[in-house]
Amino acid sequence: ESVRMTSREREVINLIAEGLSNKEIASRLHIATHTVKSHVRNVMEKLTLHTRLQIAAYAHAADAA
């Protein structure tokens, strides 16, 4: 809750939670796949997570809260 996410990072979290791949996220957001990977890496670092599955679980828990 106290972790500051950019609006783009929040978008990426939500799209990961929908099950989209990096390539699909890049296409949806009109950005490079490399940029998506950077956002994913930043999110993992900020939330101290290690997998995309953990990001999805975080997103679903945040939605339920």
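**Figure 1. The largest nonpolar core of the predicted model.** Of the 18 residues in this core, those touching the most other members are Ile-13, Ile-16, Ile-25, Val-40 and Ile-55. A nonpolar core is here a set of buried Ala, Val, Leu, Ile, Met, Phe, Trp, Tyr and Cys residues joined through side-chain atoms within 4.5 Å, where buried means under 20% relative accessible area, exposed over 50%, and partly exposed in between (1.4 Å probe, protein chains only). Two or more residues are contributed by each of α1, α2, α3 (33–47) and α4 (52–64), and α3 gives the largest share, five residues; helices (H or I, at least four residues) and strands (E, at least two) are DSSP runs, numbered from the N terminus. Leaving out residues up to four places away in sequence, Val-40 touches Val-12, Ile-16, Asn-22, Arg-52 and Ile-55, a contact being heavy atoms within 4.5 Å.

This is a predicted model, in which local features need pLDDT of at least 70 and side-chain atom pairs count only at pLDDT 80 or more, whereas totals for chains, interfaces and linings use all residues. Residues are numbered from 1 along each chain as its sequence is written, and side-chain values use heavy atoms, with hydrogens and water left out.

**Figure 2. The loop between α1 and α2.** Glu-18 lies in the loop between α1 (7–17) and α2 (22–29), and Leu-20 is found in that loop too. Glu-18 is exposed, at 52% relative accessible area, whereas Leu-20 is buried, at 11%. Beyond its neighbours within four places in sequence, Leu-20 is in contact with Leu-15, Ile-25, Arg-28 and Arg-52. Arg-28, which is partly exposed at 47%, forms a salt bridge with Glu-18, with the closest N and O atoms 3.7 Å apart; a salt bridge is a side-chain nitrogen of Lys or Arg within 4 Å of a carboxyl oxygen of Asp or Glu. Because Arg-28 lies in helix α2 and Glu-18 in the loop, this pair ties together parts that are ten residues apart in sequence.

**Figure 3. Salt bridges involving helix α1.** The whole structure contains three salt bridges. The side chains of Glu-9 and Lys-46 meet in one of them (2.8 Å, N to O), and this pair links distant parts of the chain, with Glu-9 in helix α1 and Lys-46 in helix α3, 37 residues apart. Glu-9 is buried, at 4% relative accessible area, while Lys-46 is partly exposed, at 33%. Glu-11 and Arg-8 also meet in a salt bridge (3.1 Å, N to O); they are separated by about one helical turn, because they stand three residues apart in helix α1.
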